[in-house]
Amino acid sequence: MTDILKTVLCDRMGCRYPIIQTAMGWVAKPPLVIASCEAGALGFLAGAVMTPAELTEAIRTVKAATDRPFGVNFHSFQPGAAEIIEIIIAEKIKAVSFGRGPDAKMIGRLKDAGIVCIPTVGAVKHAQKMAELGVDMVTVQGGEGGGHTGAVATTVLLPQVLDAVKIPVVAGGGFADGRGLAAALAYGAVGVAMGTRFLLTRESPVPEAVKARYLKATPDQIQVSTKVDNIPQRMIRNKLVDEIERDGALGRWRRAIWAGLQMQKASGASIGELFQAAQGMAKEGGMSLPQAMMAASAPMLIQKAVVEGDVDGGLMASGQVGGRITDLPSCAELVDRIMAEARARLAALGVGQAALA
């Protein structure tokens with residue numbers, strides 16, 4: 001008996017359900033990844049904001065607590081990236097996610113090690129490029145998604161990418177419940193990727209005061225700004241965002257330098273290594289060097305909110321869907337609810353019960 005909710009994502013990843021918990025910086029730590037994987041989803045560790053030593057410890061913490069498969073997100077230009085890739089291979093991680101960066105040789109090396117490559121893309125051309133480089137799947141994030149995002153809505157971008165590539169596609173941006181999962185599968189996706197919905201769970205390490213601020217946000221308060229690093233970012237509007245919007249070039253440079261120094265302190269990287277990382281981002285992403293430096297340092301402004309609990313002085317990246325989330329379930333409760341809702345919606349549409357068994 002075939003279950004249409006058991007997709008190629010489940011088959012390839014070994015997860016019970018076609019749901020990915022995304023690698024939110026400073027949020028996707030072992031407690032959240034363990035809980036999401038135990039619930040049946042595929043969790044990703046936020047390796048892009050970890051040092052090699054921190055990532056090694058995080059991976060081993062997850063392995064000690066669950067035998068479920070999980071993934072690691074990394075950034076090709078982060079300090080220690082070469083060592084992090086070696087760690088991922090040595091630890092036999094099930095999957096990796098990333099944005100721009102790895103070339104065909106690196107993707108080939110990861111695949112040769114049995115690691116499934118699932119980059120996140122926000123444009124049709126990027127999905128096509130990743131497919132050409134040999135990745136296994138792509139996660140497509142529409143403009144509703146949190147953090148760095150594009151201008152095209154998921155309902156438009158997702159079918160465009162499905163038509164443009166032959167590899168499996170996971171849908172991201174705007175998903176929080178079983179109705180969304182059913183809709184994504186109807187489009188032709190093999191699952192959904194959710195960030196904000198998993199951020200707002202009991203196992204999420206985000207301070208309670210910050211979670212409360214997320215729960216109060218209405219959709220119109222979750223806006224896109226280009227002023228943080230000249231790249232569109234979706235976040236909850238707060239005092240810091242208002243200040244950034246008013247800042248001139250000098251103010252943005254001052255903030256970028258502060259964030260860069262904080263990044264140096266947190267990562268242990270030298271100024272030269274951070275400069276090299278920014279140069280790599282500038283070359284790969286077609287940015288100016290100042291723009292890349294601000295982009296590389298922006299995670300420290302997010303850390304100020306989701307780690308330190310500063311709801312006014314930090315950035316709270318959020319998908320637009322955050323404006324309709326009103327509760328803090330456990331990961332198990334959330335995933336069970338999503339699957340029940342998805343089955344109910346598909347049944348209401350007349351999908352045979354045998355296919356839902």
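Here is a short chat about a few features of this predicted model.

Colleague: What makes helix 4 roughly parallel to helix 5?

Modeller: The axes of helix 4 (residues 81-90) and helix 5 (residues 104-112) cross at roughly 25 degrees. Angles under 35 degrees count as roughly parallel, so helix 4 gets that label relative to helix 5. Their axes also come within 10 Å, and the crossing is right-handed.

Colleague: Which residues make the contact between helix 4 and helix 5?

Modeller: Helix 4 brings I85, E86, I88 and I89, while helix 5 brings M106, R109 and L110. Sort them by class and you get five nonpolar, no polar and two charged residues.

Colleague: Okay, over to E132. Why is E132 called exposed?

Modeller: Exposed means over 50% relative accessible area. E132 comes out at 66%, so it counts as exposed. You'll find E132 in helix 6 (residues 124-133). Its C-alpha atom is 9.3 Å from that of V165, which is 33 residues away along the chain.

Colleague: What makes strand 8 and strand 11 edge strands?

Modeller: The open sheet has three strands in the order 8-12-11, with antiparallel pairing. Strand 8 (147-148) and strand 11 (222-225) each pair on one side only, and that's what puts them at the edges.

Colleague: And how do you know that strand 8 pairs with strand 12?

Modeller: Count the bridges! Pairing needs at least two bridges, and two bridges join strand 8 to strand 12 (residues 233-236). That meets the cut-off, so the strands count as paired. As for partners, G147 is bridged to R234 in strand 12.

Definitions and conventions. Residues numbered from 1 in each chain as written. Predicted model: local features only at pLDDT ≥ 70, side-chain atom pairs only at ≥ 80, totals over all residues. Heavy atoms only, no water. Axes fitted to C-alpha atoms, helices over the stretch in contact; angles between N-to-C directions. Helix = DSSP H or I, 4+ residues; strand = E, 2+ residues; numbered from the N terminus. Parallel < 35°, antiparallel > 145°, perpendicular 65-115°, else oblique. Left-handed = near helix turned anticlockwise from the far one by under 90°. Contact = heavy atoms within 4.5 Å. Nonpolar A, V, L, I, M, F, W, Y, C, P; charged D, E, K, R; others polar. Buried < 20%, exposed > 50% of the residue type's maximum accessible area, 1.4 Å probe, protein only.
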